[in-house]
Amino acid sequence: MACSKFEYVKHFENHTTLLRNTWIVVRLDGHSFHRFTSQHNFLKPNDPRALHLASFAAQKCMEEFEEIVLAYGQSDEFSFLLRRSASLYKRREAKITSTLCSLFTSNYVFYWNKFFGPETRGEKDVIIPGQTLEPQELLYPPSFDARAYNTAFWALVQDKDTPHSEQKAQAILKDTDSAAKNELLFSKYHINYNTLPEMYKKGSTLFRKPTVVTEVSSRDGREVQRTRNLIITEHRDIIGDPFWKGNPQILQ
Ligand code: ATP
Ligand code: ATP
Ligand code: MG
Ligand code: MG
Ligand code: MG
Ligand code: MG
Ligand code: MG
């Protein structure tokens with residue numbers, strides 16, 4: 001349609017431009033994943049294949065969009081932090097949210113078999129030790145919604161859509177300290193919280209980090225050391241200072 005006589009319809013488009021010089025958080029959330037996860041026999045509460053698949057899709061989004069400095073995911077959601085100076089699509093909200101949501105979703109579907117297909121059986125970083133997961137075919141196309149937040153960075157760590165049953169659970173848990181919670185998990189569910197994988201407890205954080213790598217030179221075949229801005233995945237606390245002090249490059 002560009003440069004055609006129908007270009008005039010663009011005048012009727014609605015543009016919301018995200019405030020300049022502020023961090024942008026785009027948060028994606030699986031649509032009806034309560035149903036999707038049960039129909040696809042996800043291991044509850046954390047299916048490691050699904051968490052790895054979502055991280056992989058997020059990594060593809062970061063490879064495509066340089067201005068994403070950090071991505072954080074847990075459950076059926078992933079949040080992307082775009083640098084303060086980001087100029088992606090001239091900061092047009094609809095372009096940014098729809099493109100990221102579409103790219104994430106298509107990667108989630110495209111790489112489904114890499115994580116849920118038969119060839120992943122027995123892969124030690126994907127399967128919980130001692131647990132055999134049957135391959136799972138994708139039964140229907142999943143979708144995600146996307147929203148942009150650019151006034152509050154804290155949207156990243158808050159969940160505004162806590163369902164009612166979670167509220168009830170929170171009411172039960174709110175007066176217990178962490179020792180009491182651990183005791184409850186252990187006595188009722190035989191789960192030792194301390195030995196659970198960090199990925200379940202802290203979610204997945206992807207960010208760029210200058211890293212020295214050894215590469216083979218295409219010119220003379222010799223090994224050379226180069227610094228590359230690699231996308232790193234960690235499962236650790238990102239609320240406290242140590243993460244941010246250790247990675248000042250993220251907010252630069
Ligand atoms: P943007 O990311 O801004 O949308 P774009 O390159 O996708 O950039 P569009 O204005 O959306 O630009 O143009 C879509 C392009 O795809 C045009 O070149 C158009 O001719 C081509 N195209 C769209 N639909 C078809 C189709 N069904 N068959 C062949 N070509 C198509
Ligand atoms: P909505 O469309 O409003 O987002 P929803 O059913 O997706 O509805 P959420 O609040 O987003 O509701 O909850 C996500 C659901 O998906 C929960 O039931 C959660 O237990 C499940 N879920 C998400 N990720 C995983 C996972 N990796 N392993 C197992 N279950 C998961
Ligand atoms: Mg286009
Ligand atoms: Mg077009
Ligand atoms: Mg939701
Ligand atoms: Mg959801
Ligand atoms: Mg959710």
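**Burial, fold and ligand shell**

Student: What percentage of the 252 residues in the protein is buried?
Tutor: The model is predicted: local features need pLDDT of at least 70 and side-chain atom pairs pLDDT 80 or more, whereas totals for chains, interfaces and linings use all residues. Residues are numbered from 1 along each chain as its sequence is written, and chains are lettered from A and ligands numbered from 1 in the order in which they are written. A residue is buried if 20 or more other C-beta atoms, placed from the backbone, lie within 10 Å of its own. Of the 252 residues, the buried share is 21%.

Student: In what order do the elements of the protein run from the N terminus?
Tutor: Helices (H or I, at least four residues) and strands (E, at least two) are DSSP runs, numbered from the N terminus. The protein has eight helices and six strands. Their order is β-α-α-β-β-α-α-β-α-α-α-β-β-α.

Student: How far apart are the end C-alpha atoms of α2?
Tutor: The expected span is 1.5 Å times one less than the number of residues. With 17 residues, α2 should therefore span 24 Å, and the model agrees with this, its end C-alpha atoms being apart by 25 Å.

Student: Which element gives the most to the shell around ligand 2?
Tutor: β1 (24-30), α1 (33-39) and α2 (48-64) each supply at least two residues of this shell. With three residues, the element that gives the most is α1.

Key. A residue is buried if 20 or more other C-beta atoms lie within 10 Å of its own, exposed if 12 or fewer, and partly exposed in between; C-beta atoms are placed from the backbone.
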